[in-house]
Structures are given as structure tokens and as C-alpha cells.
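Below are my notes on the model, as numbered points. Please read them with the structure open.

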Amino acid sequence: MAERLIERARACFLGLALGDALGATTEFMTPVEIRMKFKVHHKIRGGGWLGLKPGQVTDDTEMSLALARALLERGDWNLQAVAEQFLAWMRAKPVDIGATVRRGINRYRRSGELQTPYNDWDAGNGAVMRMAPVAIITLGDDEALVRCALEQARLTHNHPLSDAGCLYVGRMVQASLLGADRFRLHQLTRGLVAKHPIFRFNNYHGHASGYVVETLQTVFHYLFTTGSFEECLIGVVNQGGDTDTTGAIAGMIAGAFYGLGALPAAWLRRLDRKVREEVEDAAERLVRLSPAGKRLGIKPESHTTATSSTR
């Protein structure tokens with residue numbers, strides 16, 4: 001059970017990075033444009049509007065790794081450390097950074113405040129995309145998941161729909177890590193829709209923007225209408241729109257659900273080597289710090305991993 005949990009955590013974090021690297025190529029394209037250029041985009045090939053190298057990742061993976069570094073350096077949840085890692089990441093001039101994320105980090109830089117004020121325009125997907133390390137380290141403690149998910153979200157995004165997206169994606173990742181079936185995952189989405197009916201995703205209309213509602217409708221549609229990790233991710237990134245983030249979120253859930261063996265070997269070979277190594281190491285060490293990991297007798301490791309930015 002312990003080894004299986006570690007493997008699923010690795011698949012979750014790797015799935016995020018793979019979805020990010022795959023989706024970055026088609027970001028901001030329409031489905032018609034994607035079909036005209038690729039027929040079906042199914043390879044990690046780089047390019048896109050950012051002109052990335054094959055296997056290079058964007059802010060989705062980079063912010064998730066920044067968050068993971070903060071947790072691993074402290075050995076526990078520390079919001080100040082998370083904010084400092086986000087600030088260091090921004091100062092390193094990442095290849096891409098969302099306007100809402102930049103505004104929130106700059107607010108922290110100027111004032112030291114760890115919560116940005118409520119904003120009607122903060123219902124983006126930039127807080128949900130970095131939920132993998134939060135879900136892993138709080139596995140086995142739903143109260144901690146709620147607190148940490150909302151705290152990390154509100155560093156940059158303070159909106160009820162962003163909050164709800166973070167919380168329910170976190171719960172879906174955790175359920176998948178523990179071996180939940182498809183019906184359990186669908187039950188969780190029904191809980192989200194019951195609280196916020198706007199997230200309803202039956203009769204999916206094909207919108208895949210950076211708006212958290214449309215992001216999760218896209219992720220859920222493909223998660224429940226496909227039968228493999230690869231099929232799910234290909235469906236998501238060929239939908240166009242904010243594909244690095246829809247890919248990353250779909251990847252973290254589907255990775256945890258399908259497991260390490262379901263991740264395409266060709267995609268893993270193309271993923272940036274340093275990113276892959278850090279992601280795998282961080283996933284295992286976060287499991288070891290989690291309540292569930294401790295209950296299974298998985299001891300925290302004493303070694304430290306490299307924490308420098310991959311770019």
C-alpha cells in the first residue's frame with residue numbers, strides 16, 4: 001500500500017507536468033486551428049506562442065514546484081514560505097506568468113500581506129493549477145486540505161469559485177491517490193455542482209478558457225468520457241484555449257487515478273529531465289510528510305533535494 005501510494009503521487013505530479021508540456025503547444029489556439037496544423041496534437045513537441053523547447057514546462061508546473069519546495073524546506077505547511085518561493089520564482093523571470101498571479105505576488109512583495117482582497121476578476125484557474133503538492137502533503141486530513149488549499153489560493157486569487165475549484169480538485173486528487181473509482185470521482189464533482197451549479201458540465205459546450213468554471217468543465221468532461229490517461233490528455237489539449245492549464249489539472253487528477261504505468265513512455269522521455277527528477281522526488285517526499293503516509297509507516301527522508309529553479 002505504501003509503495004502504491006508513492007507511485008500514485010509521482011504519477012499525479014508527473015501528470016501535471018506532462019499535461020503542461022503537452023498543452024503549452026496549443027495554448028490560445030482554437031480546435032479548428034489545432035486540426036489544421038496537427039490533425040491531432042498528441043506529441044510533446046514544444047513550440048506554441050511561447051516558443052518552448054520540447055518537454056519544457058510553464059508556470060503551472062513551475063509554481064507547483066515552488067510550492068513544493070516551500071513545504072519540503074520547512075517539513076510542514078508554512079504560508080509565508082510559500083509566498084517567498086512564489087516571489088523568488090517571479091523574480092527569476094519565468095517564461096510565463098498570469099496577470100492575477102503577478103498582481104498577487106507583487107502585493108505580497110510590497111505589503112507582506114498573505115491574502116489578496118476579494119476581487120470579482122479573480123475567478124481564474126491559476127490557483128487550481130498548483131494544487132498537486134497541497135493535495136499530497138495534506139492527504140489523510142481533510143481539515144488541513146481545506147485550510148491549505150484556500151490559503152495558497154488567496155495569495156493570488158480570492159474568489160469563491162477559485163476556492164471551490166481548489167478544494168474539489170484537491171479532494172479528487174486525494175481520492176484518486178487512495179484508489180477511488182470513477183463513480184467516487186463523479187460523486188465529488190456532483191458535490192461541487194450542488195454548491196456551485198455554474199460548474200455543471202453535462203452538455204459540455206467546448207469552452208476552455210482561463211475562467212476556472214470553463215477550465216474544470218473541460219477537465220471533467222474529458223476525464224469522464226475517456227478511458228485512459230493519454231486519451232484524456234489528448235482530448236483536453238485539442239480543445240484549445242488555456243491548454244497548458246487544462247492539461248496540467250487534467251494530468252494531476254488522471255495521473256493519480258490511472259497510476260504511473262499509464263503515463264506514456266514517449267511523453268516521459270520528452271519531459272525536461274531536471275523537471276522530471278524534481279517532480280518525482282518532491283512527490284515521494286510530500287507523501288512521507290502527509291498524515292496518510294505517516295499512518296502507513298512511511299518515514300520522512302532526511303536528505304534534501306535541489307531547490308533551484310529549473311529555468
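1. Lining of the largest pocket. By class, this lining has 10 polar, six nonpolar and five charged residues. The model is a predicted one, and the pocket in question has a volume of about 330 Å³. Of the 21 residues that line the largest pocket, those closest to its centre are Asp-59, Gly-98, Asn-125, Gly-210 and Asp-242. The elements giving two or more residues to this lining are α5 (99-111) and α12 (243-258). The largest share comes from α5, with three residues.

2. Salt bridges in α14. The structure holds 10 salt bridges. Helix α14 (residues 273-289) contains both Arg-273 and Glu-277, four residues apart, or about one turn of the helix. These two form a salt bridge, with the closest N and O atoms of Arg-273 and Glu-277 3.2 Å apart. Arg-273 counts as exposed because its relative accessibility is 55%, above the 50% cut-off. Glu-277, at 46%, counts as partly exposed.

3. Asp-281 forms a salt bridge with Arg-285, where the closest N and O atoms are 3.6 Å apart. Is Arg-285 buried or exposed? Arg-285 has a relative accessible area of 9%, which is under 20%, so it is buried.

4. Other charged contacts. Arg-107 pairs with Glu-113 in a salt bridge, and the closest N and O atoms are 2.9 Å apart. Both partners are partly exposed: Arg-107 has a relative accessible area of 26%, and Glu-113 is at 39% relative accessibility. Separately, a network of salt bridges links Arg-10, Glu-284 and Arg-288.

5. Nonpolar surface patch. Which residues make the nonpolar surface patch of about 280 Å²? They are Met-1, Leu-178 and Leu-296. Leu-296 is located in the segment after α15 (291-295). At 37% relative accessibility, Leu-296 counts as partly exposed.

6. Most residues other than glycine have a negative phi. Lys-39 has a positive phi of about 65 degrees although it is not a glycine. Its place is in the loop between α2 (31-38) and α3 (59-74), and at 68% relative accessibility Lys-39 counts as exposed. Asn-203, also not a glycine, has a positive phi of about 60 degrees. Asn-203 is found in the loop between α9 and α10 (212-225). With a relative accessibility of 62%, Asn-203 counts as exposed because the value is over 50%.

7. Gly-179. Where does Gly-179 lie? Gly-179 is in the loop between α8 (160-177) and α9 (182-195). With a relative accessible area of 47%, Gly-179 is partly exposed. Gly-179 and Cys-166 are 13 residues apart along the chain, and their C-alpha atoms are separated by 20 Å.

Note on methods
Residues numbered from 1 in each chain as written. Predicted model: local features only at pLDDT ≥ 70, side-chain atom pairs only at ≥ 80, totals over all residues. Heavy atoms only, no water. Buried < 20%, exposed > 50% of the residue type's maximum accessible area, 1.4 Å probe, protein only. 1 Å grid on protein atoms, 1.4 Å probe; cavity = no way out; pocket = protein on both sides within 12 Å on 5 of 7 lines; lining within 4 Å. Points joined across faces, edges and corners; volume = space filled by probe spheres on them. Nonpolar A, V, L, I, M, F, W, Y, C, P; charged D, E, K, R; others polar. Patch = residues over 30% accessible without salt bridge, like charges linked within 9 Å, V, L, I, M, F, W, Y side chains within 5 Å. Areas by Shrake-Rupley, 256 points an atom, 1.4 Å probe, with all protein chains shown as cover. Salt bridge = Lys/Arg side-chain N within 4 Å of Asp/Glu carboxyl O.
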